[in-house]
Amino acid sequence: MPRQLGELEDAVMTRVWQWNRPVTVREVLEDLQQERSIAYTTVMTVMDNLHQKGWVRREVEGRAYRYTAVSTRAAYAAALMNEAWSQSDNPAAALVAFFGMMSAEQREALRDAMRIVLPTLPEDGARPDGEAAGEGSGEGPEAAGEARDEGPGEGVEAADETGPDAGR
């Protein structure tokens, strides 16, 4: 499972994710320098570390590398949420607390996601089998991740033989 990116790693990855194309250290450096004073070698080291951790792949172009994200920001966020949730001794209570912290916009995004994962889920929250959500077999919103046999980052091309959680 991936660990949370550090502040500078996140700043670099944010650019790689947003630009959604192969980038050089120089491009990232120039963009970061609009916000802070930072050395080329610092950015180069961070990008090399991200490569070693499996977050980016790189290809040689002339005397430099071009870096490309291995996974999406959404897959990274999903993996972090899954890791945090799995650490709870009471996953249902953790979900209830998490849902309670959500804004109206986040709750609507959750409803939209549930409609995608379980397209036959009625608007009122009743389950397709006629039972109310949470009744019967004990399945609830947490079963949504199991419904597609797909984890966060599934279908995302891996970098070499490593991934963001390699070696952990």
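This passage describes the overall organisation of a predicted model and the setting of its helix α4. Because the model is predicted, local features were considered only at pLDDT of at least 70 and side-chain atom pairs only at pLDDT 80 or more, whereas totals for chains, interfaces and linings use all residues. Residues are numbered from 1 along each chain as its sequence is written, and side-chain values rest on heavy atoms, with hydrogens and water left out.

The protein chain comprises 7 helices and 2 strands, assigned as DSSP runs (H or I of at least four residues for helices, E of at least two for strands) and numbered from the N terminus; from that terminus the elements follow the order α-α-α-β-β-α-α-α-α. Of its 168 residues, 27% are buried (under 20% relative accessible area, with exposed meaning over 50% and partly exposed in between; 1.4 Å probe, protein chains only). Among contacts (heavy atoms within 4.5 Å) between residues at least 6 apart in sequence, 54% join residues at least 24 apart.

Within α4, Ala 75, Tyr 76 and Ala 79 are buried. These residues cover an arc of only 105° around the axis, which places them on the same side of α4, the arc being that of the directions from the helix axis to the C-beta atoms. The buried residues of α4 pack against α1 (7-19), while the face turned away from the buried side carries the exposed residues Ala 74 and Ala 84.

How values were computed. The expected span of a helix is 1.5 Å times one less than its number of residues.
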